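Okay, hi everyone, thanks for coming. Today I'd like to walk you through some salt bridges. Let me put the structure up.

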Amino acid sequence: MSDTQLTVTLDGGGIDDARAVVRALEGVFGTPGELPADEGATVRTATFDAPGDPRADSAPAAGGTLSAPVTVTVQGTPRAVEAASETLSRAFTARDEGAASGDQERERQLLLVP
């Protein structure tokens with residue numbers, strides 16, 4: 001895993017909600033390899049791999065509005081997870097649902113509500 005790789009898993013909401021969450025993260029992490037595209041999926045994933053040091057304050061968060069609650073799990077390096085969590089908390093109404101840390105990786109779950 002690179003220093004700034006981040007995997008984002010989205011559960012709940014529709015495809016437009018998933019894309020709004022991804023758009024909010026693009027200012028910090030750049031464009032993901034693929035945008036969530038499966039209309040019928042209940043769980044969607046995006047992976048970001050941006051060079052440099054991700055900083056939540058490096059770009060304004062512009063996620064948009066959500067039509068339904070979305071549970072977002074961000075997984076990656078501690079720095080990437082922290083930047084993603086801060087960015088999503090600024091872009092949406094977010095509730096921290098817990099975190100787990102490993103040797104070199106961290107995971108955090110947030111509930112984003114409309």
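So, what do I mean by a salt bridge? That's a side-chain nitrogen of Lys or Arg within 4 Å of a carboxyl oxygen of Asp or Glu. Before we start: this is a predicted model, where local features need pLDDT of at least 70 and side-chain atom pairs count only at pLDDT 80 or more, while totals for chains, interfaces and linings use all residues. Residues are numbered from 1 along each chain as its sequence is written, and side-chain values use heavy atoms, with hydrogens and water left out.

How many salt bridges does the rule give? It gives 3.

Let's begin with R108 and E82, whose side chains meet at 3.3 Å, N to O. This pair ties together distant parts of the chain: R108 sits in strand β5 (residues 106-113) and E82 in helix α2 (residues 78-91), 26 residues apart. Helices (H or I, at least four residues) and strands (E, at least two) are DSSP runs, by the way, numbered from the N terminus.

R108 also has a salt bridge with D96, with the closest N and O atoms 3.7 Å apart. Here strand β5 is linked to strand β4 (residues 93-101), which holds D96, and the two residues are 12 apart. So E82, D96 and R108 make up a network of salt bridges.

Is R108 buried or exposed? Buried, at 16% relative accessible area; the cut-offs are under 20% for buried, over 50% for exposed and partly exposed in between, with a 1.4 Å probe and protein chains only. E82 is partly exposed at 30%, and D96 is partly exposed at 49%.

Finally, E97 and R95 form a salt bridge at 2.6 Å, N to O.
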